[in-house]
Amino acid sequence: MEATIDVTGLRKRFGPTLALDGMTFSVRPGQVTGFVGPNGAGKSTTMRVILGLDAADEGTALIGGRPYQTLRHPLSHLGSLLDAAALQPSRSARNHLLWLAHSQGLGSGRVDEVVAVAGLQSAIRRRAGGFSLGMRQRLGIAAALLGDPPILMMDEPFNGMDPEGIVWMRGFLRALAAEGRAVFVSSHLMSELEDAADHLVVIGHGQVIADASVRDMIAAASDDRVELRTAARSEAMTVLAHAGARMATTGPDLLIISGLSTARTVAALTESRVPFAEVSAHRAALEEAYMELTRDAVEFRAAPATPGVAP
Amino acid sequence: MTAVTPYRSTAREARDGFGQLLHAEWTKLLSIPATCARGVP
């Protein structure tokens, strides 16, 4: 079976609310596909439809060409983490994994393997109800890995993780994809996925707004702008202006350059012996582009903060 | 587009059936502390 998720024309209404409005995209093996959108955009509903937990009014969601409900051993095809809090709080983390493993004819050896992968060895005998959200996320990931599936789907797995956990999660997702698995991860923050995802599906109001590789999205958003960090800002500006660049200063040692590629920027600075600390694509533009793309799709927005007014 | 080598699991193949279901339910039953099973907080 091919390790793919194909979502085509999904439509789902909850009373007066149209949650999904023709959602269409694909998740491919060997890459991390980020599923990004503001709260209420339809991320969780799409994932629930993929797992057959909600029935779509129209459209299909297929795992390797088949509906999830028809898979004989679902944990071996698709591992999922939708809600890290969905566990019996008084059961130990190990026993939580053990009964799931037993339901698929898997033994305790497999439980020990996934516990090690998720980094939960020291806490595995503790009651799962006492876990922090970050640890519950790790437990949910261990459960998703039990069947060693070629497809993994996780809803907001970064939630509740500390900075070390977020760095671990990014590397972990990339490692899973490098093994040839299809990894599908949702988030409402582009910054969480920027360094982890290869491909992004951006949604709003139940529709796909953008579906492109991170590289293409950065290129389009940054408009080929280059970020230069240098202590010798005025010398750099003179040299780059001669090379045909246009520049904007955004900090004491930061320049945003347009009209000159990263390679040509480095070459011009090196040739004129202007020291610099960093030259990179203007990545901040990706977050800006995401905000721009989803501006009209934000469902809940607070009033602008007013100084002196208590919340 | 680069070709991707599909992931091949090295784990033992999953099985299902009444025996596995019973085993899972038995594990669930045994792994809840008695006070919790009686509804005592």
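**Exercise 1. Work out how much area is buried between chain A and chain B, and what share carbon and sulfur atoms give.**

Solution. The area buried between chain A and chain B, that is, the accessible area (1.4 Å probe) that the two parts lose on being put together, summed over both, is about 1900 Å², and carbon and sulfur atoms give 57% of that area. This is a predicted model, in which local features need pLDDT of at least 70 and side-chain atom pairs count only at pLDDT 80 or more, while totals for chains, interfaces and linings use all residues. Residues are numbered from 1 along each chain as its sequence is written, chains are lettered from A, and side-chain values use heavy atoms, with hydrogens and water left out.

**Exercise 2. Find how many residues each chain brings to the contact.**

Solution. With contact taken as heavy atoms within 4.5 Å, 24 residues come from chain A and 20 residues from chain B. On the side of chain A that touches chain B, helix 3 (residues 93-103; a DSSP run of H or I, at least four residues) supplies the largest share, five residues.

**Exercise 3. Decide whether B:Gln20 is buried or exposed, and list what B:Gln20 touches.**

Solution. Finally, leaving out residues up to four places away in sequence, B:Gln20 touches A:His102, A:Ser103, A:Gln104, A:Gly105 and B:Arg15.

Note on methods:
Helix = DSSP H or I, 4+ residues; strand = E, 2+ residues; numbered from the N terminus.
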